[in-house]
Amino acid sequence: MKFPVTRMRRLRRLPGLRDMVAETTLQPSDFIMPYFVRHGTGVRNAIGSMPGNFQMSVDVLVEECQALVRTGVNSIILFGIPAQKDAQGSEAYADDGIIQQAVRALAAKVPGLVICTDVCLCEYTDHGHCGVVRNCDVDNDATLELLERMAVSHANAGAHVVAPSDMMDGRIGSIRAALDRTGQPDTVIMAYSAKYASSFYGPFRDAAESPPQFGDRRGYQMDLRNAREALREVQLDLDEGADIVMVKPALAYLDIIAAVRAHCQAPVAAYNVSGEFSMVKAAAARGWIDERKTALEILYGIRRAGADLILTYWAKDAATWLREG
Ligand code: PBG
């Protein structure tokens, strides 16, 4: 039916009509808020590259999470800044490591909070790579054992979801087996399945103090020119036991989110990464862009592409904005 019978503007005329026919929803429970935790007490260090985000000590993090759940966001993902870095990333799987301490405190003090932990060695190694380095390269199979130990120690501390972000081959299978073997069959694995080697991680590496000290991550993270390869990664992770699959970054990869959504029935998460956040913050600070409207447009776009869950530094603010309408 053509114009004038069909008038697309009819359904756009009133706010109520627009809401009735809106195809995409966004709610606080769709979000996972990333937090950075470090040793000490009373620590709340502003992260210069990510305005509004902080490196926090466990006590401050607990208060922050209590405030977060009041906004309706009920999930967080934790990144740790260790006291010491070494070649093997030992604090990553230490019982009294910073993440293990944080998880124990949150599990005890913030009921209802779903605690996810990032499982990757780059914040803990002195060379800044995501695994064991041999001859200037990350040794895949030697890294798996350390990732298993890291995931198991997070689960033992009380993490509900472990999220391997290292991109080693076979890690989901080995972590699943290790969790099952150690009495943690119910720990969820959210796999960073299609994680690209991206410039958009720049601000995060400042925040987590984790830039590689030589080379880059292109030997293990995905080549940004590839899309079909993402589906192979997703399928492998699902076959190995992933419960949730993730695409990262989100904005330059909306096609990948849509393809993954079409490819599988599992929940799909997308990581709206640091660079995507900071570039809006920077433009907003100069008055070039409206942060609130732009952020919500981005988050709706990621949902429309097919993501069920969004990891985003806007989680807390967006929950408040959505409530305010
Ligand atoms: C750890 C990890 C990174 C991010 C999440 N987990 C950094 C990287 O791979 O270099 C990036 C998150 C962001 O940019 O917001 N490997």
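Helices here are DSSP runs of at least four residues, numbered from the N terminus. Keep that in mind, and note that this model is predicted.

Leu-11 sits in the segment before α1, which covers 15-20. Its relative accessibility is 46%, so Leu-11 counts as partly exposed; the band for that label runs between 20% and 50%. Together with Met-20 and Val-21, Leu-11 makes a nonpolar patch on the surface. The accessible area of the three together is about 310 Å².

Stay in that segment. Pro-4 is found before α1 too. The peptide bond from Phe-3 to Pro-4 is cis, and omega is near 10 degrees.

There is another cis bond to show you. It runs from Lys-248 to Pro-249, with omega near -10 degrees. Pro-249 lies in the loop between β10 (244-248) and α8 (254-263).

Now the helix pair. How do α2 and α3 pack? Helix α2 spans residues 58-70, and helix α3 spans 98-109. Their axes are 10 Å apart, at an angle of about 40 degrees. The two are therefore oblique to each other. The crossing of α2 and α3 is right-handed.

Last, backbone angles. Asn-135 is not a glycine, yet its phi is positive, near 50 degrees. Find Asn-135 in the loop between β6 (132-134) and β7 (137-139). Buried or exposed? Asn-135 has 77% relative accessibility, so it counts as exposed.

Glu-209 also has a positive phi, about 55 degrees, without being a glycine. Its place is the loop between α6 (202-207) and α7 (228-240). At 34% relative accessibility, Glu-209 counts as partly exposed.

Definitions and conventions: Residues are numbered from 1 along each chain as its sequence is written. This is a predicted model: local features need pLDDT of at least 70, side-chain atom pairs count only at pLDDT 80 or more; totals for chains, interfaces and linings use all residues. Side-chain values use heavy atoms; hydrogens and water are left out. Patches are made of residues with over 30% relative accessible area and no salt bridge: like charges are joined within 9 Å, nonpolar side chains (Val, Leu, Ile, Met, Phe, Trp, Tyr) within 5 Å. Accessible areas come from the Shrake-Rupley method with a 1.4 Å probe; for residues, only the protein chains shown count as cover. A salt bridge is a side-chain nitrogen of Lys or Arg within 4 Å of a carboxyl oxygen of Asp or Glu. Buried means under 20% relative accessible area, exposed over 50%, partly exposed in between (1.4 Å probe, protein chains only). Axes are lines fitted to C-alpha atoms, for helices over the stretch in contact, and angles run from 0 to 180 degrees between N-to-C directions. Angles under 35 degrees count as roughly parallel, over 145 as roughly antiparallel, 65 to 115 as roughly perpendicular and the rest as oblique. A crossing is left-handed if the near helix is turned anticlockwise from the far one by less than a right angle, and right-handed if clockwise.
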